[in-house]
Protein chains: 2
Amino acid sequence: MMQYPEPLAKLIESYTKLPGIGQKTATRLAFYTLGMEEDDVTNFAKSLLSAKRDLHSCSICGNITEDDPCPICRDKTRDRSKILVVEQSQDIMAMERMHEYHGLYHVLQGVISPVAGTGPEDINITSLLKRLQKSDEVKEVIIATNASSDGELTAGYLAKLIKPAGIKVTRLAHGLSVGADIDYADEMTLFKAVQGRTEM
Amino acid sequence: MMQYPEPLAKLIESYTKLPGIGQKTATRLAFYTLGMEEDDVTNFAKSLLSAKRDLHSCSICGNITEDDPCPICRDKTRDRSKILVVEQSQDIMAMERMHEYHGLYHVLQGVISPVAGTGPEDINITSLLKRLQKSDEVKEVIIATNASSDGELTAGYLAKLIKPAGIKVTRLAHGLSVGADIDYADEMTLFKAVQGRTEM
């Protein structure tokens with residue numbers, strides 16, 4: 001039986017490793033790639049290698065960054081009395097688009113999920129507690145995990161750990177509909193959620 | 001305003017150049033890429049470069065190939081009395097999966113489309129006519145353009161050019177529903193279409 005030439009077969013296989021892309025779509029993308037400008041394909045290949053090689057987690061907050069610590073942790077103008085805790089780096093971008101939050105962040109890189117078998121030790125909770133122990137500047141931890149059951153569970157877990165240290169713990173409240181993902185919310189919804197945050 | 005680190009922003013931009021992938025999906029794919037195995041990302045980058053560098057159109061039939069002429073054109077066991085004309089290389093793979101056609105192919109790399117402004121001179125028709133002039137082995141040209149209006153138009157155009165040379169021109173007939181794409185058809189449908197082909 002005839003096979004696709006090896007370079008094409010390999011490209012199709014690479015595309016199928018991306019989430020939500022099956023054999024048919026991968027084949028279409030591979031043929032599309034053959035018709036793309038040489039420069040665009042070269043830049044695509046370079047950007048794949050560079051993203052994997054040059055990006056790391058910030059050793060302080062866990063955000064994706066080229067330099068360590070990340071630009072937000074290094075920024076002396078940010079309000080160091082607040083840490084806003086998110087599930088993933090993408091959520092920071094959504095919060096920053098709102099232009100109304102000027103504190104620091106902490107990226108859990110996941111949530112506690114009994115169904116997925118993810119426990120507190122599998123996400124960046126220890127590093128958050130260490131930050132709080134090291135500094136007496138932090139007055140408030142704003143928990144901005146998603147409005148899902150895992151997000152709520154994680155928020156509750158964090159509140160129980162942090163409140164005994166005398167730090168105010170708040171949770172995004174208004175505007176986020178149940179089950180909604182933070183990085184899909186519009187600026188207004190996020191702004192209301194920050195304004196209406198409630199103490200835990 | 002905070003921006004994504006440059007390597008990440010560039011990767012997102014590269015993903016948006018693929019068809020059907022917008023900003024949101026590109027961002028998800030880029031973050032997914034960061035979590036992929038190092039080897040998978042390296043292979044992805046290599047396969048992009050290799051596909052673009054090592055693949056070419058066969059100088060005889062127009063099929064995508066690493067070597068020129070392509071393996072099918074070089075294969076002495078294939079029936080050289082038949083040429084099956086398809087719109088794109090992907091359609092050859094669909095025909096080969098059927099295991100019932102053993103002749104040669106010709107890839108138009110497009111169709112005549114008044115709406116898209118694609119004329120007969122924009123697709124590989126001249127190279128097909130040259131093949132027919134050079135060889136007196138070809139007894140039948142089977143036109144397997146898609147069952148769309150552009151596909152039908154192209155089939156009619158080719159039939160008018162080729163029939164005066166005394167070569168039988170047939171068209172895939174049965175089983176392909178109107179508007180269906182050949183590379184999505186199952187083996188049985190394609191087999192019926194080849195069996196029931198009608199003279200033009």
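Mentor: Start with sequence separation. Take the contacts (heavy atoms within 4.5 Å) in chain A between residues at least 6 apart in sequence: 55% of them join residues at least 24 apart.

This is a predicted model, where local features need pLDDT of at least 70, side-chain atom pairs count only at pLDDT 80 or more, and totals for chains, interfaces and linings use all residues. Residues are numbered from 1 along each chain as its sequence is written, chains are lettered from A and ligands numbered from 1 in the order in which they are written, and side-chain values use heavy atoms, with hydrogens and water left out.

Now the fold. Chain A has eight helices and seven strands (DSSP runs numbered from the N terminus: H or I of at least four residues, E of at least two). Along the principal axes, the C-alpha atoms of chain A fill a box of roughly 70 × 35 × 35 Å. Of its 200 residues, 48% count as buried (under 20% relative accessible area; exposed is over 50%, partly exposed in between; 1.4 Å probe, protein chains only).

Next, the interface. In chain A, 56 residues are in contact with 56 residues of chain B. Together the two chains bury about 5,200 Å², with 73% of it on carbon and sulfur atoms (accessible area, 1.4 Å probe, lost by the two parts on being put together and summed over both). Eight residue pairs, both at pLDDT 80 or more, are in polar contact between chain A and chain B (N or O atoms within 3.5 Å; within protein, one able to donate a hydrogen and the other to accept it, and residues adjacent in sequence counting only if both atoms are side-chain atoms). On the chain A side, two or more residues each come from helix 1 (6-16), helix 2 (23-34), helix 3 (38-54), strand 2 (64-65) and helix 5 (89-97). Helix 3 of chain A gives the most, 14 residues. That side divides into 27 nonpolar, 14 polar and 15 charged residues (nonpolar: Ala, Val, Leu, Ile, Met, Phe, Trp, Tyr, Cys and Pro; charged: Asp, Glu, Lys and Arg; polar: the others, Gly among them).

Two salt bridges cross this interface (a side-chain nitrogen of Lys or Arg within 4 Å of a carboxyl oxygen of Asp or Glu). D40(A) meets K17(B) in a salt bridge, N to O 3.2 Å. A salt-bridge network links E13(A), K17(A) and D40(B).

Over all chains there are 14 salt bridges. E152(A) pairs with R171(A), closest N and O atoms 3.2 Å apart. E152(A) sits in helix 7 (residues 149-162) and R171(A) in strand 6 (residues 168-171) of chain A, so the pair ties together parts that are 19 residues apart in sequence. E152(A) is partly exposed at 42% relative accessibility; R171(A) is buried at 7%.

In chain B, E96(B) forms a salt bridge with R78(B) at 2.9 Å. E96(B) lies in helix 5 (residues 89-97), R78(B) in the loop between helix 4 (71-74) and strand 3 (79-86), 18 residues apart. Both E96(B) and R78(B) are buried. K82(B) and D79(B) also meet in a salt bridge, at 3.3 Å. K82(B) is partly exposed at 22% relative accessibility, and D79(B) is partly exposed at 29%.
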